[in-house]
Amino acid sequence: MRYFVLIALLLLGGCTSWQNPTLDLSVNRSERFKMDRNQCRKRSQNQTHAAPDNDLPKRTYSQNQNLYVNESKAFQRCMSAKGWIKK
């Protein structure tokens with residue numbers, strides 16, 4: 001069952017890409033994406049306190065999952081605020 005879920009997540013997660021229709025044609029989209037992605041990763045880790053730290057062994061599996069889910073949601077909100085859309 002675990003392998004089925006992992007394969008399904010990999011297949012579904014790999015089917016999307018981030019696109020920003022509001023960018024000018026003169027802007028290098030890949031460089032802008034990398035810059036926005038790094039900023040949003042840092043911001044989402046700081047907001048949710050999900051960055052790896054010393055209390056990692058003390059947290060339970062469900063606590064780690066909740067942190068990562070919240071971090072993912074914060075990341076998606078940040079990217080959407082910068083004009084990026086998942087397609």
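Biologist: At what angle do the axes of helix 2 and helix 3 cross?
Modeller: Roughly 135°. This is a predicted model, and in it the axes of helix 2 (residues 29-48) and helix 3 (residues 61-81) come within 8 Å.

Biologist: Why are helix 2 and helix 3 called oblique to each other?
Modeller: Angles over 145 degrees would count as roughly antiparallel, and 65 to 115 as roughly perpendicular. The crossing is at roughly 135°. Helix 2 and helix 3 are therefore oblique.

Biologist: Left-handed or right-handed crossing?
Modeller: Right-handed, as helix 2 passes helix 3.

Biologist: Which residues of helix 2 and helix 3 meet?
Modeller: From helix 2, they include Phe-33, Asp-36, Arg-37 and Cys-40. Helix 3 brings Leu-67, Asn-70, Glu-71, Ala-74, Phe-75, Cys-78 and Met-79. The residues of this contact split into 7 nonpolar, 5 polar and 5 charged.

Biologist: Switching to covalent links. How many disulfides in the whole structure?
Modeller: The search finds 1. Cys-40 is joined to Cys-78, S to S 2.1 Å.

Biologist: Now confidence. Where is it lowest in the protein chain, and where highest?
Modeller: Lowest in helix 1 (residues 2-13), at a mean of 64. Highest in helix 2, at 92. The chain's mean pLDDT is 82, and 75% of its residues reach 70 or more.

Biologist: What should we do where pLDDT is low?
Modeller: The predicted coordinates should not be read in detail there.

Key: Residues are numbered from 1 along each chain as its sequence is written. This is a predicted model: local features need pLDDT of at least 70, side-chain atom pairs count only at pLDDT 80 or more; totals for chains, interfaces and linings use all residues. Side-chain values use heavy atoms; hydrogens and water are left out. Axes are lines fitted to C-alpha atoms, for helices over the stretch in contact, and angles run from 0 to 180 degrees between N-to-C directions. Helices (H or I, at least four residues) and strands (E, at least two) are DSSP runs, numbered from the N terminus. Angles under 35 degrees count as roughly parallel, over 145 as roughly antiparallel, 65 to 115 as roughly perpendicular and the rest as oblique. A crossing is left-handed if the near helix is turned anticlockwise from the far one by less than a right angle, and right-handed if clockwise. Contact means heavy atoms within 4.5 Å. Ala, Val, Leu, Ile, Met, Phe, Trp, Tyr, Cys and Pro count as nonpolar, Asp, Glu, Lys and Arg as charged, and the others, Gly among them, as polar. pLDDT is the predictor's confidence in each residue, from 0 to 100. A disulfide is a pair of cysteine sulfur atoms within 2.5 Å.
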